[in-house]
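Visitor: Hi, I'm new to this one. Can you walk me through it?
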Amino acid sequence: MRIAELVMAIVMAIFSAYLMWKSAELPIGWIPDEGPGGGFWPFWLAAAMLASCLSIIYKWVRKTSPLSRSTEIFMDSEALKGFVLVAGSLLVTVGLFHYIGIYGALPLFLIFHIRFLGGHSWPFTGFMAVITPVITFLFFEIVLKITLPKGLTDEYFYPIFALFA
Amino acid sequence: MEILGLLMDGFAIALQPLNLGLIIVGCALGLIIGAMPGLGSVNGVAILLPITFLVPPTGAIIFLAALYYGAMYGGAVSSIMLGIPGASTAVATTFDGRPLALQGHADKALIAAATASFVGGTISVVLFTFFAPPLAHVALVFGAPEEFALMLLAFATFVGLGGDDIAKTIFSICIGLVLSAVGLDIMSGEPRLIFFDIPGFFRGINFLVLAIGIYGIGEMLWTIEETRATGGAKISEATVTFKRTMAALREIMGAWKAGLMGSFLGYFVGILPAAGATPGALMAYGVAKQISKDPDKFGKGALEGVVAPESANNAASTGSMLPMLTLGIPGSPTTAILLGGMVIWGLEPGPLLFVEQKEFVWGLIASLYAANLAALLINIAFIPVFIWVLKMPFTILAPIIFVLCLIGGYAPTQSLHDVWLMVGFGIVGYLMRKLDYPLAPAVLAIVLGPLAEPALRQSLLINDGSFSIFFSRPYSAPIMIVALILLFLPLIKLVVNKVRVKKAAA
């Protein structure tokens, strides 16, 4: 916890400084007859973020905040493994949306979670992996008319859409 | 009596077949979402908002408000049956609800929770009906300086009353506001904060991306870790028969004082943005214990200990809608998301709603009465169903919710850029939550940011750049002063404590 607290504060301090620099691309001061410039609002807010981070770091150095004295571990190896697998599977799935589309990626995601992380039976996993994309398709694409990303699989859907047209 | 007439018109809208159906579906879904450990009203509203574009705005808000209500009822179910709060708002319900269940009185506790929720909900909606129109009327004269002062007050309550680390609270507010500034500068039209020149940022960051990221993805990551740590909890058995229900109801009547107190307390606490249903319920529990003739029974299965927090959390959810509808300032993270939804539906939140969108406002208010009744009936009739929901393993629930989040993040803008951002916010938000950064202020901020910035810039422009304008107008001055007191409250406390320590030492 102790180290995580410091790392997060430093990362966020750098991010705040970046935001201040980025905001300053627009005028941050007063423009006659126009009022405050476009960078004014985000610049000073980012400055407040930076100040908050510095105060967190200051308290960490003086050991006056609860987390700076905590001896608990931020994530034990078990928790870290779970976090990496779940967060990683989400990132991979969104990445796959670009290539094999939502209907290719969702079944893989569901199989990974239900079968490999959840330990449920193959028949049940198969049922979920098929039914979820089907309901998604019917509800979003047919009822709501929202086109979901299909990547390279786009052309395979033309005949299906033709069915509902 | 004009109000009663408007309310009747509202009922005519709320009881239309489509809207009535939405109330019932919303309540049922809310009950299920509320009953699932880890998921509460805010998660349900954030994840399901994208699908409400199917119906007109009035129907959409009626559905989401019913879901909000249902979730408040449902939270009690897992508190009582599992001893794990179904949502943070139902934490106080575990204190006495769980002991009651362990003594074999799970049915009594469940019915007490449902009845108390009904009482709290109804009393608060009546209060709401009569408070909202006058408040909106006063607010009609508000200009940019008042609007900004109110928003500052909303954020100040998090700093002064939130109870989280001050620096982290301020950080959370500011990051939400900065994220809302991404895109095009509203006044000059120039591109602003386009990170790494990625074109997706020109459209700005939709509040839903942050809300679903934090309350969908982040919450799931959090709950997966929690359930691993606690392992499987044991579900209590509940026997529900007509005779037992009647006997329970008679006993619950005896706790009316706690219910009444909880309702009023919850309502007024709920109005404050930083407070809301969770602290409202905890406070009601504390007060109920103090006014009880038999305070020793608390924590061992006192019925008042279930009635007080459950009436308070429902009352608070209504209370939080008061500032949302009348002032355009959300009273809770859930109403912040509703407010963002209203903007998407093309409605401008604020007092003008009461003048220009009477149908929307009164339809919503009337639907709250109906939602209360629907939630009570559905809750009591389907207790076995909710217990079955609790038995659903998290390893099935979690991937389904992730799928809903991924699609929900994509649907409003149909851009994968937003889905990447959402997953990113979820992961970073989860890590920050582990380090005690409060995240609700950030969600409130990203919703209010696009309203707060022009209010501030216009105010400064009218007055040639001097902040004195906020202190020279009759309504903005007192609001601003209260906001500043709240902002500096932690500092004042610190100084007072230091002086005391010195005196004690001397």
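Visitor: Which domains does the assignment give chain A?
Guide: Domain 1 (2-69) and domain 2 (77-164) of chain A. The bounds come from an automatic or database domain assignment. Taken over C-alpha atoms, the centres of the two domains are 39 Å apart.

Visitor: What kind of model is this, and how is it numbered?
Guide: It is a predicted model: local features need pLDDT of at least 70, side-chain atom pairs count only at pLDDT 80 or more, and totals for chains, interfaces and linings use all residues, while side-chain values use heavy atoms, leaving out hydrogens and water. Residues are numbered from 1 along each chain as its sequence is written, and chains are lettered from A and ligands numbered from 1 in the order in which they are written.

Visitor: What is the average pLDDT of chain B?
Guide: Chain B averages 86, and 98% of the residues score at least 70. pLDDT is the predictor's confidence in each residue, from 0 to 100.

Visitor: Now the contact: how many residues does each chain give?
Guide: Chain A gives 69 residues and chain B gives 60. Contact means heavy atoms within 4.5 Å.

Visitor: And what area is buried between chain A and chain B?
Guide: About 5700 Å², with 82% from carbon and sulfur atoms. That is the accessible area (1.4 Å probe) that two parts lose on being put together, summed over both. Met8(A), Trp41(A) and Leu90(A) supply 12% of the area that chain A buries against chain B, more than any other three residues.

Visitor: How many salt bridges are there between chain A and chain B?
Guide: Two. A salt bridge puts a side-chain nitrogen of Lys or Arg within 4 Å of a carboxyl oxygen of Asp or Glu. Asp165(B) forms one with Lys59(A), and their closest N and O atoms are 3.5 Å apart.
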